[in-house]
Amino acid sequence: AGNTASKEATVTVKEKQANHVDVETIYAAVDAQLARFIKDGMSDRDKAEAVYVWTRIHFTYGGHTDTTDYVQSAYQFLTTKKGDCFGYFALQKLMLERLGIPTIDVKKVKNYEGDSNHYWLLVSIDKGQSYYHYDNVWSKQLCLVTDSHLNAFSKYVKNCFNRDESLYPPTRTIRFR
């Protein structure tokens, strides 16, 4: 019919960083760790709780994690065994993805200029029907908790979980446990 279309695009090519690890190597390392504690027959809830407990026990909060690529950051956290909230977020996100468990990334809205960032997940244990908050950086357990539970806790930690709630689905009102 003689129809044509065109579009202009800008492509930025960046050199791989010296510490870049190919994704297949990262997936293999993550899958090997998951095989140590994920068992056949576990529900998605059991798997999410197992990832939460495993990362809580095996890692230390400290240092800085690069936030530009969560897969690379997950591997850095996995191999160094320490990092900040983004390290926990990245590794848990990648592990849950490898298990087929849906997640949504959440980033704190800063409370004032110079306030720190904070990252955590919303996790679904029912194939995307509903979500719960999931963050194990704090000493208080925040595994699969509701909006109201997280908001109450946030008041005690300088509004660290301040977020634009319109961007995320509301959690169920009943907490597991």
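Trainee: Which residues have the most contacts inside the largest nonpolar core?

Mentor: Leu-91, Val-123 and Tyr-134, in a core of 48 residues. Several elements each supply at least two residues of this core, including H1, helix H3 (70–80) and helix H4 (85–98). H4 gives the most, with 9 residues. Keep in mind that this is a predicted model: local features need pLDDT of at least 70, side-chain atom pairs count only at pLDDT 80 or more, and totals for chains, interfaces and linings use all residues. Residues are numbered from 1 along each chain as its sequence is written, and side-chain values use heavy atoms, leaving out hydrogens and water.

Trainee: What makes a set of residues a nonpolar core?

Mentor: They must be buried Ala, Val, Leu, Ile, Met, Phe, Trp, Tyr or Cys residues, joined through side-chain atoms within 4.5 Å. In soluble globular proteins, nonpolar side chains tend to be buried together.

Trainee: What does Tyr-134 touch?

Mentor: Counting contact as heavy atoms within 4.5 Å, and skipping residues up to four places away in sequence, Tyr-134 touches Val-51, Leu-96, Trp-120 and Val-123, among others.

Trainee: How do you know that the span of H4 agrees with its 14 residues?

Mentor: Helices are DSSP runs of H or I with at least four residues, numbered from the N terminus. The expected span is 1.5 Å times one less than the number of residues. For H4 that should be 20 Å, and its end C-alpha atoms are 20 Å apart, so the two agree. H4 is also mostly covered, with 12 of its 14 residues buried.

Trainee: Why does Gln-72 count as buried?

Mentor: Buried means under 20% relative accessible area, exposed over 50%, and partly exposed in between, using a 1.4 Å probe on protein chains only. Gln-72 has 18% relative accessibility, so it counts as buried. Gln-72 is found in helix H3.

Trainee: Why is Glu-24 called exposed?

Mentor: Its relative accessible area is 56%, so Glu-24 is exposed. Glu-24 lies in helix H1 (residues 23–37).

Trainee: What makes an open space a pocket?

Mentor: On a 1 Å grid over the protein atoms alone, a pocket is an open set of points where a 1.4 Å probe fits, with protein on both sides within 12 Å along at least five of seven lines. Lining residues have an atom within 4 Å of a point. The largest pocket has a volume of about 320 Å³. Of the 13 residues that line it, those closest to its centre include Gln-17, Asn-19 and Gln-72.

Conventions
Grid points are joined across faces, edges and corners, and a volume is the space filled by probe spheres set on the points.
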